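Here is a short briefing on a predicted model. Look at the structure first, then read the points below.

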Amino acid sequence: MIASLRGMNDILSEDYERFTYFINTATDVAQKYGFHFIETPLLEETALFKRSVGESSDIVGKEMYQFIDKGENDVCLRPEGTAGVVRAFIQKKLDRAGGVHRFFYHGSMFRYERPQKGRLRQFHQFGVESFGVDSVYEDATMIMMVSDILKRCGIGYRLQLNSLGDQNCMPQYRNSLISFIESVEDEICEDCKRRKTTNPIRVLDCKNEKCQSLYTDAPKLINSLCDGCQSDFDKLKKILDENGVKYEIDTNLVRGLDYYSKTAFEFVSDNIGSQSAIAGGGRYDRLVEFLDGKATPAVGFAMGIERLMELIVMPQNKREGYYIGAMDEEAVDLVVNLAQRKRESEKVTIDYKAKNFKNHIKAADKVNARYFCIIGSNEIESQILKIKDLENNTEETVKMMDF
Ligand code: HAM
């Protein structure tokens with residue numbers, strides 16, 4: 001038997017119901033906030049991710065599904081959605097058009113990570129990206145959107161918040177962090193030694209316990225923010241406070257992608273094991289310019305659907321639609337014809353085989369039908385149908401021609 005590749009799962013039956021319930025709920029919330037759907041290709045030029053997510057990140061350095069295609073192009077399966085949306089935004093000249101552009105998307109992402117619970121090689125994200133708003137109100141709105149989606153799905157969370165500064169305050173902080181790293185360099189892991197030169201702030205979320213204990217004394221970016229970043233961060237906290245969104249400040253939250261500045265956030269769940277991040281995002285004001293577009297402020301987030309699947313509280317399944325069954329073979333044609341007519345307005349389930357009453361009721365229960373109607377010689381003769389409402393336990397009669 002040929003099995004699926006490691007870390008790549010099928011989604012079917014009950015999982016699929018949860019999956020589509022999540023997508024529909026998140027889509028509804030995104031549309032209520034004024035976002036529009038965007039679909040970008042799964043395959044992009046490798047250079048797009050190198051320049052946006054960053055060569056020093058684990059995603060680009062270790063995890064890309066990268067290959068040379070038949071036309072000798074260096075391409076890769078998208079490891080995340082933001083870079084493609086930014087590329088499309090620039091390619092469609094929306095950066096030149098100005099104004100505000102808000103998008104949402106969902107689909108497969110690919111990262112060649114070591115598979116474990118909650119960590120797949122092909123996984124699905126629901127994400128949003130907003131372009132053209134440099135106000136911190138938009139950052140707060142992003143966070144409140146994630147919170148709304150999670151609430152509507154019955155999912156509890158902890159929100160971690162940080163500010164990564166901007167080009168005014170980051171370089172100075174970077175220098176003081178490098179000096180600190182040099183003071184403990186003999187004791188840190190090889191990855192952190194490499195990060196010191198490629199992207200020093202990434203040492204702060206190193207998973208190595210020894211490194212973590214050394215970095216507790218590292219300078220904190222949050223204490224070195226310039227006035228602009230500090231007042232934006234204070235304002236963000238105030239908006240969240242006023243809207244009842246609880247958060248924790250995590251000064252080590254640096255995110256695994258290089259394009260962020262200012263606001264960075266992550267939503268985590270304590271109920272799904274070690275891969276606890278269920279959503280992450282932040283501001284990325286330099287990325288459009290960095291990918292050769294006109295400088296445009298931007299902010300966004302993405303949620304990991306597989307991690308959310310086991311947390312979603314599904315609404316009670318309500319009975320819906322009709323079940324129509326034949327009591328004898330002669331009635332089957334009529335059942336098919338009536339179902340066909342009724343399907344113009346209703347969900348209808350039928351069986352092409354004649355069965356007794358008990359078996360039909362069982363079948364109607366299985367598909368959770370609300371209305372139940374069986375047809376045999378009596379109904380054909382009288383041209384009258386009995387329609388049982390299985391939810392309210394009532395029954396009414398209708399003329400076959402009016403059904
Ligand atoms: P990210 O934090 O890399 O951000 O991914 C977002 C979410 O995707 C994570 O919080 C997690 O739930 C899920 N995820 C990531 N990797 C895996 C995996 N291997 N298996 C299962 N789920 C996973 C981004 O991708 C950014 N593009 C978010 C963003 C949008 N920032 C601004 N706009």
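**A covered helix and an open sheet**

Start with helix α4, residues 82-91. Eight of its ten residues are buried, so the helix is mostly covered. Then turn to an open sheet of five strands.

**Helix α4**
- The buried residues are T82, A83, G84, V85, V86, A88, F89 and I90.
- These buried residues pack against two strands listed with their ranges, β5 (101-110) and β6 (122-131), among other elements.
- Their packing partners also include β2 (43-45), α2 (46-52), α5 (94-97) and α11 (287-290).
- K93 follows α4, and its phi is positive, near 60°.

**The sheet**
- The strand order is β13-β12-β14-β15-β16, with mixed pairing.
- β13 (348-350) and β16 (394-399) stand at the edges. Each has a single partner strand, so one side of each lacks a neighbour in the sheet.
- From one strand to the next, the twist averages 25°.
- Strands of a sheet pair through backbone hydrogen bonds, either parallel or antiparallel.
- Strand β12 (residues 322-326) runs parallel to β13, and three bridges join them.
- Y323 has T349 in β13 as its bridge partner.

**Helices across the sheet**
- Helix α13 (residues 332-342) lies across β12, β13, β14 (371-375) and β15 (384-389). It runs at about 165° to β12.
- Helix α14 (residues 357-366) lies across β12, β14 and β15. Its angle to β14 is about 150°.

Methods. Residues numbered from 1 in each chain as written. Predicted model: local features only at pLDDT ≥ 70, side-chain atom pairs only at ≥ 80, totals over all residues. Heavy atoms only, no water. Buried < 20%, exposed > 50% of the residue type's maximum accessible area, 1.4 Å probe, protein only. Helix = DSSP H or I, 4+ residues; strand = E, 2+ residues; numbered from the N terminus. Contact = heavy atoms within 4.5 Å. Pairing = 2+ DSSP bridges. Axes fitted to C-alpha atoms, helices over the stretch in contact; angles between N-to-C directions.
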